[in-house]
Amino acid sequence: MADASFDAVIIGGGKEGLVMGCYLGLNGMTVGLFEQGNELGGAACTAPVPTAGFLGNPHAEIMAFWMSPAYYDFNLGDKGLNFIFPEVLMSKIFPDDRCIVIYRALEWDKNSGTVLPNPTLIEKNLKELERISPRDAERTANALEKRLYNWMYAHGQIMFNPPPLPGEPDYLADLLNDPEGGFDPRYQFMTEWEVVCDLYDSPEMRSFALQWQYFNGIAADDVAPVQLATLPMPSFAGLQAFAVAEGGVHNVAHALQRAFTEQGGKFFVGADVDQVIVDNGRARGIRLADGTEIEAKKLVIDTAEIKQTISRHLRDLDMDPDIRRKVDHVTTNRSQLFWGHICFHELAQYRAASWNPDCGKARWVFLGDDDTDYLHRHYGYQMHNLRPGRWPEKVYMSELTTTQWDPSYGPPGKHVALVAEGHPPPASYLSEREWLQVRKEVGGRFINEWQKYAPNMTWDNVIGVNIPTPLDISQRNPNWVDGCMYTSNQSPSQWGKFRPIPELAQYQVPGIESFWMASGSQHCGGVGTLGFSAYNCYKRISQRLGLRKPWEEQARMF
Ligand SMILES: Cc1cc2nc3c(=O)[nH]c(=O)nc-3n(C[C@H](O)[C@H](O)[C@H](O)COP(=O)(O)OP(=O)(O)OC[C@H]3O[C@@H](n4cnc5c(N)ncnc54)[C@H](O)[C@@H]3O)c2cc1C
């Protein structure tokens, strides 16, 4: 006899679990959601960091959730989730005080969800690029004629749909097969360095793209899924929008929780799920670590990372050993970060403001030189192999000063920035003692570097510093194995119809009815806060169970 019973039971209360709960609730199902932590949200979290009086988002910070269909389907704007869109999207500041400033050239209509490019701002961006590299400005202008928009269309369709089954549209294949406005098919097999060299001529643009991709878990010699390998391209024209979540990213979780609860959903925190109960090839419910049993009358959805799902939740299941073997070898050694906060008195006064006064007003500011030879040959290796006292010769950091747009993140007149550097080693590469020492060193590394570009960013201007390491990140949430922020690598072999492994790519485990998986380990989870692995998984569930399809009801593109 179960201790409680629901139509649907969800494991994990991050945004994927919450998004799934909302869609199932839309169908009148009773839904119980079980979260092991002491609050909902997972990475959609805001905390008093780096010190009391300030707010920081320790994980997800760069917000693209405004694109999520869930935002409109559940009126999250009316439930306290609002976005601020800085006018300057990104900038890269070089040590010689030149910079590339990219203005946001996408206009978002909150009510309809439509997004339109702004030609005047695109033109402004091309002029900015021209100051650095006329040839790259021309290449970007050419791409804008067709290729970039085709890419954006395919990107959206790929993100917001399950991997195609035979007979379903394959947007990636279409993009690669279109000789007019598509992509060079070799991009599928090229390293990031090769792709970047093919797309851009100047060391400034190449270094900008490479530096950004290190943050995305793509090192210069990695082969990335073509869609991700080319990710910076539309952004360099301004065709992207990185929002600030007003009041903190935790509002993503708050708004989703309100929508979920309004539909009758029930959530339980401090509820560590130990096992999925499977009987006669059907998932019948879950068992918590404290022994409580919960019945699932219709389905169980697991948003835990795939290794936990297979080796813990389904440990007693008689499963094809090949599946277990392949899951054991899902790789997680990319997309680790130093990702923390510095709070300070006075905004950074960049010397490069003499080149463009808007350089420090970008949502995402990149600091670094244009030494592509070093970035390609040495930086990735040195960063991935750092040890206490042994750091890469050069720093390629970034900063996002949120208080510029939302002063509620700090006390009046004070500021807080998320500061980061990509590609440190996975948590398990260093001992705990070594990580502690690294943690002591990383704050000084950032402040020393920052003041090279903005001389006022000295220790005198600093109020507090807190820069977690991959070890800290891995200890916060079992979904971030080894500190991998995307749950597992986003390599071509773990992407799309291969994510996490081909046998599990359609969100189910062969041989178990009514059990579904919607974590970042599935397509198209892992790429951030949009909530698409749950959305895509729900699309398959709705096909199977004949549930509501809001995208068809509203004749949406996806
Ligand atoms: C350092 C860092 C920086 C990031 N930066 C960004 C960013 O700037 N922008 C962006 O868009 N994305 C960012 N991300 C990625 C983004 O946060 C994730 O893609 C997203 O949160 C994934 O949502 P999720 O629901 O799948 O997982 P999570 O948010 O990890 O939630 C999963 C939940 O499941 C719970 N859980 C796990 N196992 C169990 C169990 N056995 N029983 C019960 N509950 C369980 C966990 O406690 C957790 O709350 C970042 C991530 C990290 C780690």
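Helix 1 and helix 17 cross in a right-handed manner. In this predicted model, the two helices pack at an angle of about 35 degrees, and their axes lie 8 Å apart. Helix 1 also contributes to the shell around the ligand, where its share of three residues is the largest.

**Packing of helix 1 against helix 17**
- Helix 17 spans residues 532-545.
- On the side of helix 1, the contact is formed by E16, V19, M20 and Y23.
- Helix 17 supplies S533, A534, Y535, C537 and Y538 to this contact.
- Sorted by class, the contact of helix 1 with helix 17 comprises seven nonpolar residues, one polar residue and one charged residue.

**Surroundings of the ligand**
- The ligand is surrounded by 37 residues, of which G12, G14, G42, A43 and G528 are the closest.
- Two or more residues of the shell come from each of helix 1 (15-25), strand 2 (31-35) and strand 13 (337-344).
- The shell around the ligand consists of 14 nonpolar, 18 polar and five charged residues.

**Nonpolar core**
- The largest nonpolar core contains 180 residues.
- A8, M20 and L256 have the most contacts inside this core; M20 also belongs to the contact of helix 1 with helix 17.
- Helix 8 (residues 203-215) gives the most to the core, namely seven residues.
- Apart from its neighbours within four places in sequence, L256 contacts K15, L18, V19, C22 and L76.
- One of these partners of L256, V19, is also among the residues of helix 1 that meet helix 17.

Notes: Residues numbered from 1 in each chain as written. Predicted model: local features only at pLDDT ≥ 70, side-chain atom pairs only at ≥ 80, totals over all residues. Near = placed C-beta within 6 Å. Helix = DSSP H or I, 4+ residues; strand = E, 2+ residues; numbered from the N terminus. Nonpolar A, V, L, I, M, F, W, Y, C, P; charged D, E, K, R; others polar. Axes fitted to C-alpha atoms, helices over the stretch in contact; angles between N-to-C directions. Left-handed = near helix turned anticlockwise from the far one by under 90°. Contact = placed C-beta atoms within 7 Å. Core = buried A, V, L, I, M, F, W, Y, C linked by C-beta atoms within 7 Å. Buried ≥ 20, exposed ≤ 12 C-beta atoms within 10 Å, placed from the backbone.
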